[in-house]
Amino acid sequence: MINAVSIESSSPTRLKGKFIGILVCWILGFGSLISWNSLMSIGDYYYALFPNYHPSRVLTLVYQPFALGTMGILAYNEAKVDTRKRNIAGYTLYTLSTLTLILLDLATSGTGGIGNYIGVCAIVGCFGAADAIVQGGMSGDLSFMCPEFIQSFFGGLAASGALTSGLRLMTKAAFENSNNGLRKGVSTFPHEKLRIIDFAVLFLAISVFCQFLCIFLYAFIFPKLPIVKHYRTKAAAEGSTTVKADLAAAGIETHLIEADNDAKQSERLSTKQLFFKNIDYELDLYLVYVATLSIFPGFLYENTGTHNLGSWYALVLIAMYNVWDLIGRYIPLIEKIKLKSRKGLMIATLSRFLLIPCFYFTAKYGDQGWMIFLVSFLGLTNGYLTVCVMTAAPKGYKGPEQNALGNLLVLFLLCGICSGVALDWLWIIGTVDAGTDCDSYEKEEGNELASSDYYTEELEVFRRKRTKEINEKLDMYKQRVGKSMAFKDIAEA
């Protein structure tokens with residue numbers, strides 16, 4: 001066993017493992033949202049299965065209460081919850097929920113219906129609970145370590161969205177015209193159709209693998225890094241009781257530093273005191289995600305009109321948001337352009353609400369280029385401000401206080417997401433249809449009908465086929481007008 005005092009006295013600048021720790025934190029962030037982002041990236045698949053139930057809006061709305069409720073309980077009791085058990089339990093719940101979603105899809109052969117939709121919603125609720133367990137636990141744990149760790153973790157969160165969006169665009173390009181549309185590519189042989197691959201299951205299977213990897217890395221690799229040992233031992237010496245199991249897993253004797261824990265726990269700021277001392281940081285995160293989730297993803301799927309990109313449009317918008325969100329989370333690594341002022345962070349956060357009328361008028365009057373620009377800016381500012389707040393807020397506090405503050409910040413982040421999701425429904429209350437190129441009514445462009453209603457690939461194919469049939473009949477009747485026309489033909493026309 002290693003002496004805790006010798007670890008505590010070491011300088012973190014001389015300890016090894018920082019680069020590996022940054023990489024592991026990135027993977028842990030990636031794995032903690034890969035399932036949810038996979039679900040969002042194949043949103044058009046769920047619109048094909050459940051076209052009448054607003055999947056992107058409803059699934060997000062189901063996700064948030066479970067995440068918020070779980071996070072509220074854990075934030076209140078953060079000092080009593082062992083971080084190691086919490087995070088491993090969260091990743092395990094993610095894994096089991098994703099496997100259940102795969103089994104549901106295979107068992108129902110990708111069919112729609114209210115029963116299957118309720119099943120998907122129940123699994124999404126488990127995703128929400130797992131998100132709160134992992135994101136709050138990891139944020140609290142990393143808040144008393146070097147800022148690069150928590151930045152890397154949040155970078156991994158965004159990377160999961162960017163990767164799944166990229167994979168979705170590639171699979172769409174490869175099998176856009178397949179016989180069975182969104183769900184699978186198909187090869188046609190005499191008297192049979194062979195399913196090559198089910199892309200919805202592929203996305204979720206990748207998620208399961210990533211979550212298994214996260215369990216392994218967190219349980220066996222991360223605790224044994226010298227720099228992680230140093231920070232956890234230091235937190236334990238300052239009165240933290242949440243790191244005992246992690247220190248034991250790393251082979252560090254904890255009894256040497258447990259004697260003074262009760263006295264040091266009483267010296268730390270309470271959760272209530274931390275709440276009031278950091279109310280501006282908490283409001284920053286809350287308002288950042290209220291603005292973001294009032295637009296993403298529901299508005300992008302359902303209210304942005306129809307443009308030259310056709311059924312690619314919503315997928316491109318989602319991908320652009322995810323890519324620029326990822327880029328925004330790495331900009332604060334450049335110290336000269338990192339926003340540290342508390343007043344500056346609040347001004348930047350409030351100014352993002354100007355994007356809401358911008359999106360409204362762009363959807364109604366603008367073209368797809370302007371919409372792509374706005375979505376990119378939304379993602380860039382979301383990622384940038386998130387990392388700036390999460391790295392600035394914990395500075396100057398003891399380890400147990402930083403852990404509590406990390407949990408509080410995630411709680412307000414999830415509150416913002418939940419509020420934004422609820423506000424997103426206002427876009428479809430009294431909505432004025434947003435058409436293409438400034439028109440809000442249906443109009444004919446070539447052989448297609450363009451309208452503001454969202455549509456999936458399968459609906460688009462049906463629409464084109466039906467329009468073609470109607471046009472052919474109309475042409476036939478026009479040719480008969482100058483000739484003799486039977487009474488039954490007139491009635492049919």
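1. A disulfide is a pair of cysteine sulfur atoms within 2.5 Å. By that rule, the structure holds 0 disulfides. The sulfur of C25 has its closest cysteine sulfur in C146, 7.6 Å away, which is too far for a bond. C146 is likewise in no disulfide. C25 counts as buried, at 0% relative accessibility. C146 is buried too, with a relative accessible area of 5%. Here buried means under 20% relative accessible area, exposed over 50%, and partly exposed in between, with a 1.4 Å probe and protein chains only.

2. Some ground rules. This is a predicted model, in which local features need pLDDT of at least 70 and side-chain atom pairs count only at pLDDT 80 or more, while totals for chains, interfaces and linings use all residues. Residues are numbered from 1 along each chain as its sequence is written, and side-chain values use heavy atoms, with hydrogens and water left out.

3. Start with helix α6, residues 114–143. Helices are DSSP runs (H or I, at least four residues), numbered from the N terminus. α6 has 30 residues and reaches 43 Å from its first C-alpha to its last, close to the 44 Å expected. The expected span is 1.5 Å times one less than the number of residues. Of the 30 residues of α6, 24 are buried, so the helix is largely enclosed by the rest of the structure.

4. Helix α19 covers residues 368–392. It has 25 residues and reaches 36 Å from first C-alpha to last, close to the 36 Å expected. α19 is mostly covered, with 18 of its 25 residues buried.

5. How many cavities of 30 Å³ or more does a search of the whole structure find? The count is 10. A cavity is a set of points on a 1 Å grid over the protein atoms alone where a 1.4 Å probe fits but cannot get out; lining residues have an atom within 4 Å of a point. Points are joined across faces, edges and corners, and a volume is the space filled by probe spheres set on them. The largest cavity has a volume of about 380 Å³.

6. The lining has 25 residues, and L33, W36, N37, Y289 and I417 lie nearest the centre. Several helices each supply at least two lining residues, among them α4 (55–76), α7 (147–175) and α20 (399–424). α2 gives the most, with 4 residues. The lining divides into 14 nonpolar, 8 polar and 3 charged residues. Ala, Val, Leu, Ile, Met, Phe, Trp, Tyr, Cys and Pro count as nonpolar, Asp, Glu, Lys and Arg as charged, and the others, Gly among them, as polar.

7. The structure holds 15 aromatic pairs. The rings of F153 and F154 have centres 5.7 Å apart and planes at 85°, so this pair is edge-to-face. Rings of Phe, Tyr and Trp (its six-membered ring) pair if their centres lie within 6.5 Å; planes under 30 degrees apart count as stacked, over 60 as edge-to-face and the rest as tilted. F153 is buried, at 0% relative accessibility. F154 is buried, at 1%.

8. F275 and F276 also form an edge-to-face pair: 4.9 Å centre to centre, with 80° between the planes. F275 is partly exposed, with a relative accessible area of 24%. F276 is exposed, at 53%. Elsewhere, F50, Y53 and Y117 form one aromatic cluster.

9. One last contact in the fold. A291 lies in helix α14 and counts as buried, at 2% relative accessibility. A291 and D424 are 133 residues apart in sequence, but 9.5 Å apart in space, C-alpha to C-alpha.

Notes
On a 1 Å grid over the protein atoms alone, a cavity is a set of points where a 1.4 Å probe fits but cannot get out, and a pocket is an open set with protein on both sides within 12 Å along at least five of seven lines; lining residues have an atom within 4 Å of a point.
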